[in-house]
Amino acid sequence: MKNRQRQKDILFSILIFCSAFAVNLLIQKLFTTQTLVPMIFVFGVFLISLKTHGYCYGIISAIVSVFAVNFAFTYPYYAFDFFVEESILSAVIMLVVAISTSTLNIRIRDQEKLRSENEKERMRGNLLRAISHDLRTPLTSIYGSSSTLISKYDALPKEQQLKLLGEIQEDSEWLIRMVENLLSVTRIDGAKVEVVKTPIVLDELIDSVLMKFSKKHPNQKVITQIPDEFVDIPMDSLLIEQVLLNLLENAVFHAKGMTELTLSVSLVGDKAVFEVADNGCGIPAERMATLFDRWAEGLEAAPAAYGMGLGLPICRRIAEGHGGRLLLESREGQGTLVTVALPHVRKDGGQVRDTGYDYAGGFSHVMMELSDALPYQAFAAKHMD
């Protein structure tokens, strides 16, 4: 990383110096005045000191610029004469500019680094407080139910035992889901972590998502629409499964009044577009602006019943880690549409088939033909280049 940054700084310094030298040669041919020459080199030194890291690039560029002015733009031309007062003054001015600009630049970067570290600490503290609070409730419930079963096993009727076991299972599933969310954060939050993408068959991905979702929400019907042809998409399948499951579960938890939940996939250009749509209560406009930052705001911003609200921020980070985008559109009282667009090179055209997957009744074998572009039309018109 440091070597790459050093190479960039060197190339930038050489480029700026050569540009300043070329501009001065052009001015020398077009005009008779030489007053602009030192100013252009001073500006070049300023840019180098501003954009590079440390003092050495600015100081070296200042010294080299003094030599260049003295050699090519001061009489006698193409000969060194350092006893000229202009050369000495130019050297002093350029060194002062280089040192001052580099010092200011270093201070600004140090302040930004400190501010970033403080922000990370604040976010880490909020996250830990939220985790400790959210863990306490299900763990207390699991402990209480298991203690009751152990101490009063013979006295409790079977129905009560099953009820307590069901509560333990539900709280355990919630804990597993939260841990999966946190693991997803650690996988994509580091600057050095890169998403490893392998070609994944779309049908297998959707089947896996539906099976996992049906285990948690067996009574929730999901209508799926996927391309009719064979499709493989480069991705980290575990992370994308996490995205789709989070989006579907968000609809179950938060879309009050929902009667229809749809998961559709379409291929548009070089994008594979996943859409999760519901016709529930929608999201109020005042919450939309900060919805993806809720996890960083701590405990107050997250619903106690459903955890820390990590789903949407994780989904967006995963989509961006794949080189894609996640966008959310919602109107209060009219439902919510979440669109995830991932890079995919399409080989041919095709129709969309509706699998009609119903968790309550299995496959209904309802087939419908849709234009691939229709589910993605509004998204593409607004947000794609």
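Which residues form a nonpolar patch on the surface? In this predicted model, the patch consists of Tyr55, Ile63, Phe67, Phe80, Leu95 and Ile99, with about 510 Å² of accessible area together. Patches are built from residues with over 30% relative accessible area and no salt bridge; like charges are joined within 9 Å, and nonpolar side chains (Val, Leu, Ile, Met, Phe, Trp, Tyr) within 5 Å. A salt bridge is a side-chain nitrogen of Lys or Arg within 4 Å of a carboxyl oxygen of Asp or Glu. Accessible areas follow the Shrake-Rupley method with a 1.4 Å probe, and for residues only the protein chains shown count as cover.

Residues are numbered from 1 along each chain as its sequence is written. Local features need pLDDT of at least 70, side-chain atom pairs count only at pLDDT 80 or more, totals for chains, interfaces and linings use all residues, and side-chain values use heavy atoms, with hydrogens and water left out.

The chain has 10 helices and 10 strands. Both are DSSP runs numbered from the N terminus: helices are H or I with at least four residues, strands E with at least two. Of the 385 residues, 41% count as buried. Buried means under 20% relative accessible area, exposed over 50%, and partly exposed in between (1.4 Å probe, protein chains only). The chain exposes about 22,300 Å², and carbon and sulfur atoms supply 61% of this area. Among contacts (heavy atoms within 4.5 Å) with a separation of 6 or more, 71% join residues 24 or more positions apart.

Two helices feature in the nonpolar patch. Helix H3 (56-72) and helix H4 (85-151) each supply at least two of its residues. Tyrosine 55 lies in the loop between helix H2 (36-51) and H3. Its relative accessible area is 34%, so tyrosine 55 is partly exposed.

Threonine 52 is found in the loop between H2 and H3. Threonine 52 counts as buried because its relative accessibility is 1%. Leaving aside residues up to four places away in sequence, threonine 52 touches Asp9, Phe12, Ser13, Tyr57, Asn105 and Arg109. Phenylalanine 12 lies in helix H1 and is partly exposed, at 26% relative accessibility. With the neighbours up to four places away again left out, phenylalanine 12 touches Leu47, Ile48, Lys51 and Thr52. Phenylalanine 12 and tyrosine 57 are 45 residues apart in sequence, yet 9.7 Å apart in space, C-alpha to C-alpha.

The structure holds 4 aromatic pairs. Rings of Phe, Tyr and Trp (its six-membered ring) pair if their centres lie within 6.5 Å; planes under 30 degrees apart count as stacked, over 60 as edge-to-face and the rest as tilted. Phenylalanine 17 and phenylalanine 41 form a tilted pair, with 6.0 Å from centre to centre and 45 degrees between the planes. Phenylalanine 17 lies in helix H1 (residues 2-30) and phenylalanine 41 in helix H2, so this pair ties together parts 24 residues apart in sequence. Phenylalanine 41 is buried at 1% relative accessibility, while phenylalanine 17 is partly exposed at 22%. Phenylalanine 21 and phenylalanine 41 have ring centres 6.5 Å apart and planes at 70 degrees, so the pair is edge-to-face. Phenylalanine 21, in helix H1, is 20 residues from phenylalanine 41, in helix H2. Phe17, Phe21 and Phe41 form one aromatic cluster.
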